[in-house]
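Hi everyone, thanks for coming. Let me put today's structure up on the screen.

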2 protein chains.
Amino acid sequence: MLAPERIIRLEDDRVVMLDQRRLPHEEVDLLCGSAAEVADAIRAMAVRGAPAIGIAGAYGYALAAARGEDLDEAFELLEGARPTAANLSWALREVRMAADPAVRARELHSEEVERCRAMSAHAAELLAPDSRALTHCNTGALATGGQGTALGAVHEAWTQGLLRHVFVDETRPLLQGARLTAWELEADGIPHTVVADSAAGYLMAGGEVDCVLVGADRIAANGDTANKIGTYSLAVLAYRHEVPFYVVAPTSTVDLETATGAEIPIEERDPAEVSLRSPARNPAFDVTPRELITAIVTEAGVHRRPYAESLASQVPA
Amino acid sequence: MLAPERIIRLEDDRVVMLDQRRLPHEEVDLLCGSAAEVADAIRAMAVRGAPAIGIAGAYGYALAAARGEDLDEAFELLEGARPTAANLSWALREVRMAADPAVRARELHSEEVERCRAMSAHAAELLAPDSRALTHCNTGALATGGQGTALGAVHEAWTQGLLRHVFVDETRPLLQGARLTAWELEADGIPHTVVADSAAGYLMAGGEVDCVLVGADRIAANGDTANKIGTYSLAVLAYRHEVPFYVVAPTSTVDLETATGAEIPIEERDPAEVSLRSPARNPAFDVTPRELITAIVTEAGVHRRPYAESLASQVPA
């Protein structure tokens, strides 16, 4: 598994991150010398995944503080880089309140590593022995700076001998599944198969999937969950085939001020990511309604319906 | 709209087809000098789409006859090029029975053009004014040698002023939607937007889709329908959102000897089409169960449930 500081770290005068756009072909660090450069890296998805975006934002803010940048401006720039993930503004608020932003940012990263470990252990308990899991996008080390959320659970289940196989949705348009998740699973020696996003229904209909594990970019107070585009389709298919559908995400992803999924802003990204030639639409996320989610797993434990109570009792206000 | 002979034609000593693998960037003809070369073109998807494959097979057999090739061998070679489409073996049986295979093959092509026209007219009648349709893969001129099946209906509805917009699934892994359908719609001036396959659920949840129109590679006697991978997911989503889901295909796609979808062989293609780097699976088709299909439209008219009776009464045995 990738070391947390390999994915992203704060140095004296810069934030260093593994440039995820160039994986799996090249392992190249991206060096960001200002909050604006960190915001650009987040927007361009050199770093992505809700928890990792939060850490990047925190490091970006700490860098701005060290450099004597205008901190209100830095906050705004970083917070506006991606609109959907809840962790970004949460992490920024945390470092803004801190006496020493650099210390707090590094602490947030360490806490994320610990949260990943805890939620992975809770989620792995839900898997039956010999499970074949299906996952979407990338929710591993690259997405979190720790061992991962949904993919952290996959790793933990594999370590415990509960997992037989992982199906990896390629995750168009940016192929985070085919590029990043497959790369992480290969490094960890976990048996996996990449499939087109549209093949998940075929696999479920054929009885080849025992559970679906996904992460989250924002979880509303009622349990509705925004995640990578295509997550909703998986949830609808899993429901039809009575395949358990688990969301694995830290409590920092839960936004109690967002009552339902209808209020979550959905980022529409550059259509050129989908097609260079034709008019295109590129919504980056969709919302899965709570009734399709079997359980939400956070570092605090396994949340079941009704989510409103279960989440409110565990998430720091 | 593309002229039928531009898509595929039989000349004295060869079959000439527009090489669909190179669209939309280049319009290049592929020249096939033997049945084996036609079979290779079908297998490699230089020509694809169930009705077009049938015509290609018929022309390939006629070419073999003109060249004095072993006709049993030619038949077998061509029939085995793609296992899922029902039209291929149907068309091959037609030309094998004919006194003059070339005459019969050209006649089949003309009949396909006529069938497309008839089924497009029947299907367009199902659309409400100002409809926003979603379609998958390519079911237009390129796929049929005529005006198309599902995309023929789109064209007809547009001509009649019933259509507002078409959403085009890009259709991974070979992008027949983004490459071929968008190219045809652009040529015909029909407003369209390409989306990742995984975005269809988002569009339906947002109330942006009024109907789904797809083709078919094989329709079982009970109405279960094999079509491009991802069709099943669309049908499940459409069902959840009460969006009408229409299959548009000629009766030559209906295989009364296949009782249910469970008996339809599903071609698994080269995993390298999905990923060059990782282990991958590449099922090319899936099966949509009849209960998710609002209507099946053939050149004979609109078939409703129970499909078994409706199809059996219209399909020549």
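I'll talk about how chain A and chain B touch each other.

Some housekeeping: this is a predicted model, where local features need pLDDT of at least 70, side-chain atom pairs count only at pLDDT 80 or more, and totals for chains, interfaces and linings use all residues. Residues are numbered from 1 along each chain as its sequence is written, chains are lettered from A and ligands numbered from 1 in the order in which they are written, and side-chain values use heavy atoms, with hydrogens and water left out.

Okay, so how many residues are in contact? On chain A there are 44, and they meet 43 residues of chain B; contact here means heavy atoms within 4.5 Å. The buried area is about 3500 Å², and carbon and sulfur atoms give 56% of that. Buried area is the accessible area (1.4 Å probe) that two parts lose on being put together, summed over both. On chain A's side, A:Tyr202, A:Arg277 and A:Arg281 supply 20% of what that chain buries, more than any other three residues.

Now the charges. Between the two chains we count 8 salt bridges, meaning a side-chain nitrogen of Lys or Arg within 4 Å of a carboxyl oxygen of Asp or Glu. One to look at joins A:Arg240 and B:Glu291, at 3.5 Å from N to O.

Turn chain A by 180 degrees, with a shift of 0.0 Å along the axis, and it lies on chain B with an RMSD of 0.0 Å, superposed by least squares on the C-alpha atoms of residues with pLDDT of at least 70 in both. That's the relation of a two-fold axis. The same surface serves both copies, too: 98% of chain A's contact residues recur in chain B.
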